[in-house]
Amino acid sequence: PERSSRVGRPRAADIALAVSATLVTVVLVGLVGEAAARWRERTRDTVPGSVSGLMYRHERLRHALTRDFEYYDWFNVNANGFRGPAVGIEKPDDTFRIMVVGASTVFDLAVSPDDRAWPARLAVVLNERVDDVEVEVINAGVPGSLLLDNLMRLQTELYRYDPDLIVLYQAHNDLIAALDRIHEVEETRRQPYRIEPVSPWSDW
């Protein structure tokens, strides 16, 4: 009886072999999947809707661009945290520096490569029309940022680049955030037997 009860039990070596085979299979499937995803991103013919690793959670600004980041041939973030080629903090002589600050509509996430984003195109157009000075346009857009985020960046970091002109292009994210807050406030205001306003904007 004792011998027959041991016949159906798997040995430790068999269990270890099965676990090892399972782990190897999982690793191989993961590697193949990763290779396929990288090949897809490298060879795709449409701009990616989301870019893994482009942003990170910032302690003060909620999120920020990852510096020295290159996503294949689609996006490049330089060491300064701006989209496009490297920028020196010191402004070159005979250069008119424009800094465009905003969110995804400035970063121009739906356009690739970097020299096709509208701040880069603005530099090309202005340099074609101006002869006595070099126009430099810095793309300081950060997708998802709010007006307050960009004002904080201007006061704590961006001012060091001494721009001659600042173009602040911001509205959409703030509008959405404001409407979300209005909805949340309206939900908390509801009280028993309260007469609802005739128009939704009367509570504003």
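**Exercise 1.** In this predicted model, find which residues are exposed on the other side of α5, then work out where the buried residues of this helix sit.

*Solution.* 
- Step 1: Start with the exposed residues. On the other side of α5, these are Leu148 and Gln155.
- Step 2: Now list the buried ones. In α5 they are Asp149, Asn150, Arg153 and Leu154.
- Step 3: Recall the helix geometry. An α-helix has 3.6 residues a turn, so residues three or four places apart point the same way.
- Step 4: See what the buried residues meet. They pack against β5 (95-102), β6 (134-141) and β7 (165-169).

**Exercise 2.** Is Asp149 buried or exposed, and which residues does Asp149 contact beyond its neighbours within four places in sequence?

*Solution.* 
- Step 1: Asp149 belongs to helix α5, which covers residues 147-156.
- Step 2: Check its relative accessible area. The value is 7%, and buried means under 20%, so Asp149 is buried.
- Step 3: Set aside the neighbours within four places in sequence. Asp149 is then in contact with Leu61 and Arg62.

**Exercise 3.** Identify the largest nonpolar core and the elements that give two or more residues to it.

*Solution.* 
- Step 1: Collect the members. This core has 10 residues: Leu54, Leu65, Phe69, Tyr71, Tyr72, Trp74, Phe75, Val77, Phe107 and Val142.
- Step 2: Assign them to elements. Those giving two or more residues are β3 (69-71) and β4 (75-77).
- Step 3: Look elsewhere. Another core, of nine residues, lies apart from the largest one and includes Val101, Ile138, Leu154 and Tyr161.

Technical notes
Residues are numbered from 1 along each chain as its sequence is written. This is a predicted model: local features need pLDDT of at least 70, side-chain atom pairs count only at pLDDT 80 or more; totals for chains, interfaces and linings use all residues. Side-chain values use heavy atoms; hydrogens and water are left out. Helices (H or I, at least four residues) and strands (E, at least two) are DSSP runs, numbered from the N terminus. Buried means under 20% relative accessible area, exposed over 50%, partly exposed in between (1.4 Å probe, protein chains only). Contact means heavy atoms within 4.5 Å. A nonpolar core is a set of buried Ala, Val, Leu, Ile, Met, Phe, Trp, Tyr and Cys residues joined through side-chain atoms within 4.5 Å.
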